[in-house]
Amino acid sequence: MSQDVFLVLGATGKTGRRVTARLRAAGKTVRAASRSSEVRFDWADPTTWDDVVDGVSVVYVIAPEVPGPAHEFVPRAVAAGVRRFVLLSGRGADIWGDSPFGLDVRSAEEAVRASGVEWSILRPTNFSQNFDDGFFHAPIMAGELALPARGIVEPFIDVDDIADVAVALLTEPGHAGRSYELSGPRGVTFREATEEIARVSGRPVRYVEVSPEEFVAALVAQGFSPEVASYGREMFDLMRRGVTAEVTDDVHRVLGHPPRDFETYVARAAAAGAWR
């Protein structure tokens with residue numbers, strides 16, 4: 001696929017910017033698109049869709065935040081000449097049952113599976129980088145991470161591993177019709193993660209266990225909408241069921257080496273000044 005044009009959606013996000021950089025480093029022609037990129041793509045604005053897929057044959061898809069749009073986008077992309085999709089979904093997306101959590105990624109999975117062209121799906125667990133470039137960063141900087149995470153063990157995955165796997169699926173044969181459940185090499189509790197960050201960074205930060213109701217109330221007090229706060233609660237409810245707890249070897253299967261450990265991530269992020 002050396003002559004292909006690769007479209008990366010969500011190109012300014014955690015995985016998208018890493019996938020873009022890796023493809024370009026490999027000499028691929030990349031069209032990087034997002035709501036804030038020079039090449040604009042917005043799931044909520046279908047008028048931005050056709051231009052970004054024109055001339056493209058391979059697409060890295062970040063699932064939209066609501067169910068539905070992928071079912072309209074995917075057929076239009078195929079009609080424009082796209083022959084392969086790699087979708088970033090979520091761990092265990094096909095076994096979440098009737099949970100309202102993750103309807104967006106499940107809808108996107110259905111869309112690419114029905115595309116009639118090659119597709120692969122990535123289902124990572126929680127990102128390690130959520131602690132320095134995401135949901136957990138601000139509380140850590142404030143000195144306290146308060147979560148309803150009692151009993152949860154999470155094999156956090158490094159986003160760099162996700163990007164490496166994504167690039168393999170985008171550029172190599174042999175992955176069509178497959179879903180990969182991606183995890184780190186071992187399970188870590190949120191308390192252990194917080195203590196490791198405090199130890200390595202030298203920043204005083206503690207983990208506090210709160211009830212789901214207290215968690216939702218705190219998010220709303222911070223300015224999040226009740227809908228977003230409820231979504232966060234549903235995520236932790238799902239994790240307590242153990243759906244995301246199992247360690248897998250899918251990173252090793254694709255890349256030929258084990259995934260990065262959480263301690264390695266913390267050391268690297270602390271050295272880069274993530275928690276100064």
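**Helices and strands, one question at a time**

Reader: In which kind of crossing does H8 pass H9, left-handed or right-handed?

Author: Please keep in mind as we go that this is a predicted model. When helix H8 passes helix H9, the crossing is right-handed.

Reader: Are H8 and H9 roughly parallel or roughly antiparallel?

Author: Helix H8 covers residues 212–221 and helix H9 covers residues 226–240. They pack with their axes 9 Å apart, at an angle of about 150°. An angle over 145 degrees counts as roughly antiparallel. So the relation of H8 to H9 is roughly antiparallel.

Reader: Which residues of H9 do the residues of H8 meet, and how many nonpolar residues does the contact have?

Author: From H8 come Pro212, Glu213, Phe215, Val216, Leu219 and Val220, and they meet Pro226, Ala229, Gly232, Arg233, Phe236 and Arg240 in H9. Sorted by class, the contact of H8 with H9 has one polar residue and three charged ones, and its nonpolar residues number eight.

Reader: Is leucine 238 buried or exposed?

Author: Leucine 238 sits in helix H9. Its relative accessible area is 4%, and the cut-off for buried is under 20%. Leucine 238 is therefore buried.

Reader: How far is leucine 238 from leucine 255, C-alpha to C-alpha?

Author: Along the chain, leucine 238 and leucine 255 are 17 residues apart.

Reader: Which strands are the edge strands of the open sheet?

Author: The open sheet has seven strands with parallel pairing, in the order E3-E2-E1-E4-E5-E6-E9. An edge strand pairs on one side only, and here that applies to E3 (39–40) and E9 (178–182).

Reader: Which residue of E9 is the bridge partner of serine 120?

Author: Strand E6, residues 118–124, runs parallel to E9, and five bridges join the two. In E9, serine 120 has as its bridge partner arginine 178.

Reader: Which strands of the sheet does helix H4 touch?

Author: Helix H4 spans residues 103–113 and packs on the sheet. Its direction makes about 160° with that of E6. The strands that H4 touches are E5 (84–88), E6 and E9.

Reader: How many residues of H4 are buried, and what covers them?

Author: H4 is mostly covered, with eight of its 11 residues buried. Those residues are Asp104, Val105, Arg106, Ser107, Ala108, Glu109, Ala111 and Val112. What covers them includes H3, E5, E6 and H9.

Reader: Are H3 and H4 roughly parallel to each other or roughly antiparallel?

Author: The axes of H3 (residues 69–79) and H4 come within 8 Å and cross at roughly 25°. Angles under 35 degrees count as roughly parallel. H3 and H4 are therefore roughly parallel.

Reader: Which residues of H3 and H4 make the contact, and how many of the contact residues are charged?

Author: H3 passes H4 in a right-handed crossing. The contact is made by Ala70, His71 and Val74 of H3, together with Ser107, Ala108, Glu110, Ala111 and Val112 of H4. By class, five of the residues in this contact are nonpolar and two are polar, while the number of charged ones is one.

Reader: Which residues of E1 point the other way from Val5, Leu7 and Leu9?

Author: In a regular strand, side chains alternate between the two faces of the sheet. Strand E1 (residues 5–9) is mostly covered, as five of its five residues are buried. Val5, Leu7 and Leu9 point one way, and the residues pointing the other way are Phe6 and Val8.

Reader: Which residue in E2 does valine 8 stand opposite?

Author: E1 pairs with strand E2 (residues 29–34) in the parallel sense, over five bridges. In E2, the residue opposite valine 8 is alanine 32.

Reader: Is arginine 24 buried or partly exposed, and which residues does it touch?

Author: Arginine 24 belongs to helix H1, residues 14–25. Because its relative accessible area is 47%, arginine 24 is partly exposed. Leaving out residues up to four places away in sequence, arginine 24 touches Val30 and Ala32.

Reader: Which residue in E11 does leucine 147 stand opposite?

Author: Strand E7 (residues 144–147) has an uncovered face, Glu144 and Ala146, and a covered one, Leu145 and Leu147. E7 runs parallel to strand E11 (residues 206–209), and four bridges join them. In E11, leucine 147 stands opposite glutamate 209.

Methods
Residues are numbered from 1 along each chain as its sequence is written. This is a predicted model: local features need pLDDT of at least 70, side-chain atom pairs count only at pLDDT 80 or more; totals for chains, interfaces and linings use all residues. Side-chain values use heavy atoms; hydrogens and water are left out. Axes are lines fitted to C-alpha atoms, for helices over the stretch in contact, and angles run from 0 to 180 degrees between N-to-C directions. Angles under 35 degrees count as roughly parallel, over 145 as roughly antiparallel, 65 to 115 as roughly perpendicular and the rest as oblique. A crossing is left-handed if the near helix is turned anticlockwise from the far one by less than a right angle, and right-handed if clockwise. Contact means heavy atoms within 4.5 Å. Ala, Val, Leu, Ile, Met, Phe, Trp, Tyr, Cys and Pro count as nonpolar, Asp, Glu, Lys and Arg as charged, and the others, Gly among them, as polar. Two strands pair if DSSP finds at least two bridges between them. Buried means under 20% relative accessible area, exposed over 50%, partly exposed in between (1.4 Å probe, protein chains only).
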